[in-house]
Amino acid sequence: MTLAIALPVSAAKREFDFAPADHQKIARIVYDTLGILLPEGKSQLVYGRVAPRVRACGLTSVSAYLAVIEQDEDERNRMLDALTTNHTSFFREAHHFEDFVERMWPTLSQRLASGGRVRLWSAACSSGEEPYTWLMAALGHDRSAAQRLLKGDLRMLATDVSPSVLETARAGRYSADTLRTVPAKLRATWVSDRLVVDQALREAISFRPLNLLGPWPMKGRFDAICCRNVMIYFDEPTKAKLQARLADHLETGGMLYIGHSERLSPEVAARFDCVGRTAYLKVRA
Ligand SMILES: C[S@@+](CC[C@H](N)C(=O)[O-])C[C@H]1O[C@@H](n2cnc3c(N)ncnc32)[C@H](O)[C@@H]1O
C-alpha cells in the first residue's frame, strides 16, 4: 500500500495546508460570532468553504489566512458568510404555511382589511424562498384581493446573518429549477416570465441583516415567526436563549414555526401549546 492511499483522500488532495489547530481556530470564531457548531468531523466542509477565500487572498496556507482575518474585519465577515449553510427551498415544510393560512390568516387578513397591523418575521430567511412562500401562501392567487391587503399595514421582516443570501433574496430572481416547487397557480400570479418574484411581494418584505445571537433592534411584537432550520446548528444553551427571545417577541396568540428536527426547550415549551408538527401557539407571556 502506498502512502498516498493510506492518507485520507480529502487531506491528500488539499491545495492548502490545513492543520487541526486551524480548524479549531475557525470553529471558535464561528461559534463565538454566530453560535454555529463546527466539530472536528466538519473539517472537510470547513476547508472546502475557506479554501476559495485563501485562494482569493493570494495566500498559500489556512494559517496565513487566519493571520489576515485577525486584522481585516471585512475578510473575516466574508469567511463567516462562506461558513453559513443556506440550504432552503420554496414551500419547504409546507405544512407550516397551511397551518398559518388556516389558523391565523382569517383573523389577520380581517384585521388588515379593517385598518389594523400585521407583523410577520422570517428569522434566518436565507435567500428568500421562505418569506416569499409565506406571503404567496397567505395571499393566494386572487391578485386584486391580495393587492388590497398589501396596501394595508402588513409588513414581513426577513433577516439573515449572511449578506450574500440577502442580496439574492432582495433581487427575488430564481432559476426555473428553484421555482419548480411553487404551485403553478401561485407561480402564474406571483412570478414573472423572467423568473422574478412580483414587485408587490418584494416591497412587502424588509430584508435585513441580523445575527440571531446579537442585539435585535425590533421593538414591537410579531403575530407569527418562522425560525426554521437554523437552531440545528446551535448548542442547547444557545437554542434555549434564542427560543426565549423569540417567545418574548411574539404576541400571545401568535404562532412560532420551527424546523422539522428542532424542539423547544422545556422552559420555553411551557409558554406554548404544540398545535401541529413543529407549530407552536403562544399561550403564556
Ligand atoms: C439552512 S438555512 C434555513 C433557511 C430557511 N429558514 C429554511 O428553513 O429553509 C439557515 C440560515 O441560517 C442563517 N444563520 C446561521 N447562523 C445565523 C445567526 N447566528 N443569525 C442569523 N442567521 C443565521 C444562515 O445564514 C442560513 O441562511
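The largest pocket of this predicted model holds about 170 Å³ of space. Its lining is formed by Arg117, Arg119, Leu120, Arg155, Met156, Leu157, Ser206, Met218, Lys219, Gly220, Arg221 and Phe222. Two elements, strand 1 (117-123) and strand 2 (153-160), each give two or more residues to this lining. By residue class, the lining of the largest pocket divides into 5 nonpolar, 2 polar and 5 charged residues. Among the charged members are Arg117, Arg119 and Arg155, together with Lys219 and Arg221.

Turning to the ligand, its site is the largest cavity. A shell of 22 residues surrounds the ligand, and the closest of them are Thr88, Arg92, Ala124, Asp160 and Asn229. The shell around the ligand comprises 9 nonpolar, 9 polar and 4 charged residues.

On the oxygen side, an atom of the ligand lies 2.6 Å from an N or O atom in the side chain of Thr88. Nitrogen atoms of the ligand also take part: one is 2.9 Å from a polar side-chain atom of Glu130, and a ligand nitrogen is found 3.4 Å from a polar atom in the backbone of Val161. Taken on its own, the ligand has 610 Å² of accessible area, and the protein covers 99% of this.

Terms used
Residues numbered from 1 in each chain as written. Predicted model: local features only at pLDDT ≥ 70, side-chain atom pairs only at ≥ 80, totals over all residues. Heavy atoms only, no water. Near = heavy atom within 4 Å. Polar contact = N/O pair within 3.5 Å; in protein donor to acceptor, adjacent residues only side chain to side chain. Areas by Shrake-Rupley, 256 points an atom, 1.4 Å probe, with all protein chains shown as cover. 1 Å grid on protein atoms, 1.4 Å probe; cavity = no way out; pocket = protein on both sides within 12 Å on 5 of 7 lines; lining within 4 Å. Sits in = over half its atoms within 2 Å of the grid points. Points joined across faces, edges and corners; volume = space filled by probe spheres on them. Helix = DSSP H or I, 4+ residues; strand = E, 2+ residues; numbered from the N terminus.
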